[in-house]
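This report describes selected secondary-structure elements of a protein model. The sequence and structure are shown below.

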Amino acid sequence: MKESFDLGSICISVPTVSYDLSVQELKEIFSELKIYEYLTVLKKGKPIGIVFRKDVEGITRKDLLTGELSRLAVKVKDLNLSKEGLIGIMELLPIVKEPIIITDKKGNYLGVLTYDVLLHYITKYKEFVIPLIQHIRESLGTDQYLYIFGIKNFKGFRDKFGYEKAKGLLKILKEDIQESISGEVEEIEEKEEIWAVSKEPPEKERIKHLFEEFFREYTVLFADYPHIALYGMSINLKLFESLDKLNEKIKELRERAKNVSGYIFIVQGLQPKLILYDPRRKKVLKNIKEKIMSDFEKVLNEVVNAPKELWEFTLYDAFKKYPYFELFYIMSSSGLQISNNVINPNASYFIAQGKKGTDRSEKPYFKEAMEKGEYISDIYLSKATDDFCITVSKKFQYEGKVYVLAGDINFKEIHKLIKETPRKRR
């Protein structure tokens, strides 16, 4: 199997005609060369375009020359290209799939390449022939990951800048993804998304770097249109046995991602998590986390200074001062929950009733707090609310015994805190 192709070796040797031939002479040549629908036009030995049989047949004027009937064609110098390079050449072909002229390094004519010929050689690469959806189907139940990326308010961008620039923006995104994620990467035109299948699990810093690169390129090109952001997701295909179930999950995650403002990436696994990137509010996000930990410390002090039998009542009262928390609970040093979930009475959404005796010893918010004293999680999908949240926890002592207090904040409340925090002007 060849790993690359010389364009000169795969092009078609279409006959040539001189640009200064008369229409009648050209018609006679087409009559003689019955199998050819077009010919390459040369001027001083160099190709200048293509002349088509259908454009010549109806011409009655005798003063026209072949050069005046020829169409301009894309010209490419002979190269040695891989599959990806051949695909790039295909993208040069006009929508009507007209031929590309191939020349040597001195500009001398070698032949033409057509869409069908390029497709023939590209399909010698088996992995390219297999449609991405088939690749996904065959990967279900295996340790591979489906990545999906899209652009929020893509329609608004397209309406403002036009179809070509919108396609160009997707191309920029695709190139950034190819540089960040190894595997098969394709644009899914129907969804206006870029999909990839990779053996590499998602890494937080790699995703943030991808977002950062796209944001940098986008702001250079379209700084006057700040109304877009990326959304993305990765799904462990090992967790799914059918495309129907996978498509249901994709639809669910796509809606979740679009409903959260800013750059957002959802890692779907046994415990779904969010990766966020906010280039304009990095410092604000850092300050919000500091505020959460400061307020949480005050809640903890209230608990430590109250009798143990009143801990749940104390936590219930804390919602008056810190209404953005959605629930609190306390664990023993062994990781068993010793309080019920103390739920914010003003929460407008369902929160599951966690109970005493639940074993949380393997949860990171317990283990990290026991080991390091305190913990603040990345954003993940809460089983209590079926929505994204942050968990904070802190170890404390009471009457010689060790406990851990944990609290959850719904991600919608985090956004409210961000909006309420003024941004400093430079």
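How many bridges join β2 to strand β3, and in which sense do the two strands run? In this predicted model, three bridges connect β2 with β3 (residues 38-43), and the two strands run parallel. Val17 has Val41 in β3 as its bridge partner.

These strands belong to an open sheet of three strands, ordered β2-β3-β4, with mixed pairing. At its edges lie β2 (16-18) and β4 (46-52), each of which pairs on one side only. On average, neighbouring strands of the sheet are turned by 40° against each other, direction ignored. Helix α2 (residues 23-32) packs on this sheet and touches β2, β3 and β4. The direction of α2 makes about 135° with that of β3.

A further element is helix α12, which comprises the 16 residues 243-258. At 1.5 Å a residue, α12 should span 22 Å, and this agrees with its end C-alpha atoms, which are 22 Å apart. The buried residues of α12 fall within an arc of 160° when seen down the helix axis, so they line one face of the helix. The face turned away from the buried side of α12 carries exposed residues. The table lists the residues concerned.

| Group in α12 | Residues |
|---|---|
| Buried | Leu243, Leu246, Lys249, Ile250, Leu253, Arg254, Arg256, Ala257 |
| Exposed, on the face turned away from the buried side | Asp244, Lys245, Glu248, Lys251 |

Among the buried residues of α12 are Lys249, Arg254 and Arg256, whereas Lys245 and Lys251 are exposed.

Definitions and conventions: Residues numbered from 1 in each chain as written. Predicted model: local features only at pLDDT ≥ 70, side-chain atom pairs only at ≥ 80, totals over all residues. Heavy atoms only, no water. Helix = DSSP H or I, 4+ residues; strand = E, 2+ residues; numbered from the N terminus. Expected span 1.5 Å × (residues − 1). Buried < 20%, exposed > 50% of the residue type's maximum accessible area, 1.4 Å probe, protein only. Arc of directions from axis to C-beta. Pairing = 2+ DSSP bridges. Axes fitted to C-alpha atoms, helices over the stretch in contact; angles between N-to-C directions. Contact = heavy atoms within 4.5 Å.
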